[in-house]
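Here is a short report on a protein model.

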Amino acid sequence: AVALGDRSYDILIGPDLIATAGARIAQLAPGASVFIVTDAHVGALWLAPLEASLEQAGIRHDRLILPAGESTKTFAHFQQLCEAALEARMERGDLLVALGGGVIGDLTGFAAASLRRGMNFVQIPTTVLSQVDSSVGGKTGVNTAQGKNLVGAFHQPALVLADTGSLATLPPREFAAGYAEMVKYGLIDRPDFFDWLEKHWPAVFGRGPELEHAIAVSCEAKAAVVARDETEQGDRALLNLGHTFGHALEKIVGYDSSRLVHGEGVAVGVACAFRFSAREGFCPPEAAERVEAHLRAVGLPTRIPEVLPTGVDAKEILDAMAQDKKVKRGALTFILARDIGQSFIAKNVDVEKVRSFLEDELRNGA
Ligand code: NAD
Ligand code: ZN
């Protein structure tokens with residue numbers, strides 16, 4: 001559960017939660033109608049069992065199927081979603097249900113925050129990333145021409161159903177990308193979990209019962225940080241470990257590019273954060289080497305030149321970082337590490353040190 005006073009809610013994790021969602025939703029909001037939002041990929045695979053279970057529970061439901069991909073997280077689709085839900089006569093006490101990855105969850109959550117000045121919504125995340133990250137914590141929103149996630153709201157779901165069975169159809173690359181976020185939680189403040197992942201990752205990737213455990217620990221790790229600092233006044237920033245580097249790389253490559261997906265940017269980003277920490281004398285080099293070795297073992301990238309087109313220079317990466325919303329008055333704020341599981345917020349990081357680090361990273365190659 002995520003403890004946020006009267007906005008606390010349950011996160012259920014298990015193999016058959018889509019097929020049994022109807023009964024749980026009926027219990028959560030007796031008599032409510034449901035408006036399902038999904039994308040074309042997930043809709044083709046998981047909409048039928050969800051609708052069947054709503055049917056069985058006698059819940060009135062309607063749905064909207066949006067195109068898959070980051071480019072769906074826009075004002076245009078936000079409007080389409082709101083109007084479709086109103087057209088389907090969804091009232092204030094009814095429920096929106098987000099069935100899909102982080103794109104569908106963020107967009108639907110934002111619509112729920114705004115429709116009729118606030119409706120309840122249920123997250124049914126179907127990617128590793130959305131199960132361990134975006135469905136927990138209540139950040140919702142859309143992208144704009146000026147950047148990602150710049151318009152949004154904090155709006156907590158009423159319930160999260162993380163169906164681990166749904167991950168059976170997730171493409172391997174998306175699975176690995178989400179795994180990078182699990183590794184991130186180990187690196188932030190759960191060193192034992194990182195040890196565990198080093199040992200058990202083959203079973204996690206094999207979708208064994210270990211996967212459920214890894215997702216549960218990750219959700220708990222995120223929920224603990226969020227409960228401490230819901231609106232990111234302090235500690236929540238730790239969750240950005242690897243993301244200042246990662247977002248800059250994503251921005252340069254393009255958000256809807258097949259060249260780099262978010263979790264891959266995070267993998268390179270956490271490896272960079274540890275290498276930079278070692279270089280600046282905060283953390284032992286062995287820790288940085290261990291992080292990199294684990295990410296590489298599962299097939300994730302760890303080096304900037306692996307994911308950027310040739311010809312990009314340090315200045316371009318720094319400029320992309322400077323536009324990131326984590327930058328305040330020119331000073332770079334980074335999440336650095338003293339060791340595995342000992343991350344900290346470093347304010348006022350010297351831009352010149354980052355520049356020379358990036359130059360070496362680009363020179364040394366993959
Ligand atoms: P996504 O929603 O685009 O899903 C990735 C791809 O996998 C899509 O093509 C999707 O159709 C497909 N897919 C999803 N589930 C599937 C399944 N079970 N089987 C087969 N295919 C499936 O991407 P994502 O990685 O889940 O989420 C990324 C988004 O999450 C970004 O927009 C990011 O900004 C956001 N995000 C939000 C938060 C937050 O706190 N709100 C945190 C992290 C990321
Ligand atoms: Zn992330």
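## Two loop arginines

Arginine 117 sits in the loop between helix 4 (102-114) and strand 5 (120-125). Helices (H or I, at least four residues) and strands (E, at least two) are DSSP runs, numbered from the N terminus. The phi of arginine 117 is near 60°, a positive value in a residue other than glycine. Most residues other than glycine have a negative phi. Arginine 117 is exposed, with a relative accessible area of 77%. Exposed means over 50%, buried under 20%, and partly exposed in between (1.4 Å probe, protein chains only).

Arginine 207 is in the loop between helix 7 (191-205) and helix 8 (209-228). Its phi is positive too, about 60°. Arginine 207 is partly exposed, at 33% relative accessibility.

## Model basis

The model is predicted: local features need pLDDT of at least 70, side-chain atom pairs count only at pLDDT 80 or more, and totals for chains, interfaces and linings use all residues. Residues are numbered from 1 along each chain as its sequence is written, chains are lettered from A and ligands numbered from 1 in the order written, and side-chain values use heavy atoms, without hydrogens or water.

## The zinc site

Glu181 (OE), His243 (NE2) and His262 (NE2) coordinate the zinc ion (ligand 2) at 2.0 to 2.1 Å. Donors are N, O and S atoms within 2.8 Å of the metal (3.2 Å for Na, K and Ca); water is not among the atoms, so sites may look incomplete. The donor spacing in sequence is E-x61-H-x18-H.

Histidine 243 belongs to helix 9. Histidine 243 is buried, at 5% relative accessibility.
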